[in-house]
Amino acid sequence: MTNQTTSPVRHDWTPDEVAALFNLPFNDLMFQAQTVHRQHFNPNEVQMSTLLSIKTGACPEDCKYCSQSGHYNTGLEKEKLMEIQRVIEEAKAAKEQGSSRFCMGAAWRSPSKKEMPYVVDMIKQVKDLGMETCMTLGMLNGDQAKELADAGLDYYNHNLDTSPEYYEDIITTRSFQDRLDTLQNVRDSGMKVCSGGIVGMGESERDRVGLLVELANMPQHPESVPINMLVKIEGTPMGDVEDLDDFDFIRTIAVARIMMPESHVRLSAGREEMNEQMQAMCFLAGANSIFYGCKLLTTANPEENSDRQLFKKLGIRPEQRNQEHGDKEQQAALMDAVKQQRTDAFFYDASQAS
Ligand code: SF4
């Protein structure tokens, strides 16, 4: 949804001007973000993805926030690579619930030679269901990225996590440059990029600025930008870090929206702990993508039904996959989901509200 006054897509943001956005009066920032949002997207549509962990735990990396790192004792049960058939069943169920994209995540440093044929097969079979596919498997070299792209993978997720300056406080087993290299390999392969970060890890506002400057000054913005609120996991070094103020989180979403006007900004991990009003503020700030499903890798995610209720209250519709060449089956699934909602006892009917 574009019009003649569309704000330009820039790749030359300076930290000072981004800091100035963060420091705008809240209402001015929200107005600016919502204005930019409306120039590029339908403000009442939110893209829905479902995320499945296809291999959980025992990761050799030391990301200080992560329940899956083998470096910390978080009590998480380790699992082997999930069988393809189970993955396909989960993907079918996600499609029936209205998800347009199926994201598969494995806790690996990078996929091994032995594992690649399995993930390639998963991609092909999920694609055959008519869904968009996304994977997050750790670092990729150029050949691996090409192999996944050739199999039909649409998106690859690899987050920058935080600013280059704060990065070494969070991860030591792979460098910031490693991450940029993987993102470059993904871009070169022709896949779309999903990359964002985590806030609430004890970073400063300047670090949130630094993260967004890195993302927005890439030659091409990531098509998806997940902004995660840290979910504190007992047993990790981030288990008792101080809470980030909710308004600082909303500001981060709003600034991301202004800086990357054509990207889907995803309200990701941490949504479970946000009330409806907080989520609504994030949508108003320009978030237009969520993970939908009962598990977000290993942290809880709001139950599907409560998402539907919130969407109904806000008049939000799930964004359909590929607007121009709409997949009929997908549209039918969405319509069924809406119909089902109408008969839901918890259905919110504004005309009955007192
Ligand atoms: S965030 Fe990813 S790479 Fe880091 S420890 Fe967790 S699963 Fe491993």
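Me: Hi! Which side chain does the side chain of S224 make a polar contact with?
Reply: Hi! The side chain of S224 makes a polar contact with the side chain of R101, at 3.2 Å. A polar contact is a pair of N or O atoms within 3.5 Å; within protein, one must be able to donate a hydrogen and the other to accept it, and residues adjacent in sequence count only if both atoms are side-chain atoms.

Me: Thanks. What should I know about the model itself?
Reply: This is a predicted model, where local features need pLDDT of at least 70 and side-chain atom pairs count only at pLDDT 80 or more, while totals for chains, interfaces and linings use all residues. Residues are numbered from 1 along each chain as its sequence is written, and side-chain values use heavy atoms, with hydrogens and water left out.

Me: Back to S224: buried or exposed?
Reply: S224 is buried, with a relative accessible area of 1%. Buried means under 20%, exposed over 50%, and partly exposed in between, using a 1.4 Å probe and protein chains only.

Me: What does S224 touch?
Reply: Leaving out residues up to four places away in sequence, S224 touches R101, Y155, V193, C194, S195, H264 and R266. Contact here means heavy atoms within 4.5 Å.

Me: And which strand holds S224?
Reply: S224 sits in strand β7, residues 224-229. Strands (E, at least two residues) and helices (H or I, at least four) are DSSP runs, numbered from the N terminus.

Me: Why is β7 largely enclosed by the rest of the structure?
Reply: Because 6 of the 6 residues of β7 are buried. S224, P226 and N228 point one way from the strand, and V225, I227 and M229 the other way.

Me: Which strand is joined to β7 by 3 bridges?
Reply: That is β6, residues 197-199, and the two run parallel. Strands pair if DSSP finds at least two bridges between them. I198 has N228 as its bridge partner in β7.

Me: New topic: in the largest nonpolar core, which residues touch the most other members?
Reply: I54, L148, F249 and M259 do, in a core of 92 residues. Such a core is a set of buried Ala, Val, Leu, Ile, Met, Phe, Trp, Tyr and Cys residues joined through side-chain atoms within 4.5 Å.

Me: Which helix gives this core its largest share?
Reply: Helix α9, residues 246-259, with 8 residues.

Me: Last one: what surrounds the ligand?
Reply: C59, E61, C63, Y65, C66, Q68, S69, A107 and R174 do, where a residue is near a molecule if one of its heavy atoms lies within 4 Å of it.
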